[in-house]
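Hi,

Here is the model I promised to pass on. Have a look at it first, and my notes follow below.

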Amino acid sequence: MMTELYRLTGRAKQSRAVAHVLRWCGRHPSGAKLLVFAHHAEMLDALQAALKARGVVTMRIDGGTAAKKRQDLVASFQDVTAAASPRVALLSINAAGQGLTLTAAHDVVSNPNPNPSPNPNPNPDPNPNPNP
């Protein structure tokens, strides 16, 4: 039941997310780059299909991307001089949420995790009792 609800939350966001990313691509010069982080594979699939249909070069890192290939994809995204350098990086939060250097990006889009359990307190007070 929870798996189905999780899948449905991702599907419910797809059309707006796709519209937002396509609008971003239309409003920014062709050299501008975007990172898109998502939790749902279906979301990444929808974004990838829509961007491909518009001729936008993308790269994708998800749980099925081998470590060596990740390094190659990051290098191609970072190479701003190459004509075939991806403009949009589609990234699974779980697979690409840390350990990658993608400084060529101009903007970042991320959908929040619908399941708060991985991070139940996202802003913990590092000093809950300042006057011990």
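Helices (H or I, at least four residues) and strands (E, at least two) are taken as DSSP runs, numbered from the N terminus. On that basis the chain has 4 helices and 4 strands, and along the sequence they come in the order α-β-α-β-α-β-α-β.

Two notes on how to read the rest. This is a predicted model, in which local features need pLDDT of at least 70 and side-chain atom pairs count only at pLDDT 80 or more, while totals for chains, interfaces and linings use all residues. Residues are numbered from 1 along each chain as its sequence is written, and side-chain values use heavy atoms, with hydrogens and water left out.

Now the chain as a whole. Of its 132 residues, 33% are buried, where buried means under 20% relative accessible area, exposed over 50%, and partly exposed in between (1.4 Å probe, protein chains only). Taking contacts as heavy atoms within 4.5 Å, residues 24 or more positions apart supply 79% of those with a separation of 6 or more.

In β1, 5 of 5 residues are buried. Leu 34, Val 36 and Ala 38 point one way, and Leu 35 and Phe 37 the other. In a regular strand the side chains alternate between the two faces of the sheet. Phe 37 counts as buried because its relative accessibility is 17%.

What does β1 pair with? Strands pair if DSSP finds at least two bridges between them. β1 runs parallel to β3 (residues 88-92), joined by 5 bridges, and Val 36 has Leu 90 as its bridge partner there. β1 is also parallel to β4 (residues 107-110), with 4 bridges, and Leu 34 stands opposite Asp 107. Phe 37 and Ser 110 are 73 residues apart in sequence, yet their C-alpha atoms are 4.6 Å apart.

Finally, the largest pocket is lined by Ser 30, Gly 31, Lys 33, Val 57, Asp 79, Val 80, Ala 82, Ala 83, Ser 85, Pro 86 and Arg 87. A pocket here is an open set of points on a 1 Å grid where a 1.4 Å probe fits, with protein on both sides within 12 Å along at least five of seven lines, and lining residues have an atom within 4 Å of a point. The space in the largest pocket is about 150 Å³, a volume filled by probe spheres set on the points.

Best wishes
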